[in-house]
Amino acid sequence: KYFLSKIHFKNYMYISLSEPHLLGNHGKHYVCGSIAAFTNIVVTFPIQKVLFRQQLHGVSATEAVRQLQRDGLRNLYRGLLPPLLQKSTTVAIMFGLYEDFSRVLLDRAVGTGVPELVTRSFAAALAGTTEALLTPFERVQTLLQDHRHYGRFNNTAHTFRTLLSEYGVRECYRGLVPILLRNGPSNVFFFGLRGPIKEQLPEATSRAGHLVIDFVCGGLLGAGLGIMFYPLNVVKSRAQSQVGGAFQPCRKVLLTVWRERGGSVAMLFRGAHLNYHRSLLSWGIINATYELLLKII
């Protein structure tokens, strides 16, 4: 009995001491993702605003900048809080849930013959789909950035209160379909290609070198995926700029934008050039900061 008691005590102490460490290991992906996204949003928000005006109105970058100049410096960071909250949370979910889902699914897939690539792709899609729960933040960001709604919505809290009191929760999820169509597949590509792209880049020999490699890897992926899913972001911006009324199918919104812009592919992709450079910078910052923080924490 004495011998067995010692074994149970040792096992209990081992579990008690190791469990917080394990939880910390799992939780750090969420923390690193959140801080990385926070850093990115603060740096790139003015660029995002120019891009949003191009997506919504189909104007040139020069005209979009002129619009922001007319709005004044006071309104430059108007609408910052929703993307700050939304992106910090969604990127935390993106990296954290991907790691959690991958770990659980890989454990379940042992001995089943399911390729690891399939399992990890499914984990990435699940993480992206879960991110869509935070659509209301993108919804509010769109309304606060659209100058046509400046007189109606004062700030983040006021916009949420107005939408919920006058239209209900459903109105906060306008534009959900294009977000779902974007998030899942883009996550699969991002996590699936991040490793192979990094392997093709020169091997880093210093911390600064690793930072540059991670920046380039994340930036190239973000820029490529930004172009690939750009029309879905145009549809999302158009759908979410509407307040009240019927919810239009994603296909119908796309056709409306297509007709308004003269059936021109170039006009449909208006702003894609700026989006490419913004995504290059944004995902470079996110990936490099995330990987750096993983090493530090």
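This is a short tour of a predicted model, stop by stop.

Residues are numbered from 1 along each chain as its sequence is written. In this predicted model, local features need pLDDT of at least 70 and side-chain atom pairs count only at pLDDT 80 or more, while totals for chains, interfaces and linings use all residues, and side-chain values use heavy atoms, with hydrogens and water left out.

**Stop 1: the annotated repeats.** Select residues 24-104 and 115-200, where an unreviewed UniProt entry places "repeat: Solcar"; such annotations may be inferred rather than shown by experiment. Residues 115-200 are 78% helix and 0% strand, with end C-alpha atoms 23 Å apart. Helices (H or I, at least four residues) and strands (E, at least two) are DSSP runs, numbered from the N terminus.

**Stop 2: ring pairs.** Rings of Phe, Tyr and Trp (its six-membered ring) pair if their centres lie within 6.5 Å; planes under 30 degrees apart count as stacked, over 60 as edge-to-face and the rest as tilted. There are 9 aromatic pairs by this rule. Select phenylalanine 45 and tyrosine 77: their ring centres are 5.5 Å apart and their planes at 25 degrees, so the pair is stacked. Phenylalanine 45 is in helix α1 (residues 2-57) and tyrosine 77 in the loop between α2 (61-71) and α3 (81-109), so the pair ties together parts 32 residues apart in sequence.

Buried means under 20% relative accessible area, exposed over 50%, partly exposed in between (1.4 Å probe, protein chains only). Phenylalanine 45, at 2%, is buried; tyrosine 77, at 36%, is partly exposed.

Next, select tyrosine 230 and phenylalanine 269, with ring centres 5.9 Å apart and planes at 20 degrees, so this pair is stacked. Tyrosine 230 is buried at 0%, and phenylalanine 269 is partly exposed at 28%.

Then select Phe95, Tyr98, Phe190, Phe191, Trp283 and Tyr290, which form one aromatic cluster.

**Stop 3: charges over a ring.** Centre on phenylalanine 247. The charged end of arginine 170 sits over this ring, 4.1 Å from its centre, and arginine 174 also lies over the face of phenylalanine 247, at 4.1 Å from the ring centre. The rule asks for NZ of Lys or CZ of Arg within 6 Å of the ring centre and within 35 degrees of the ring normal.
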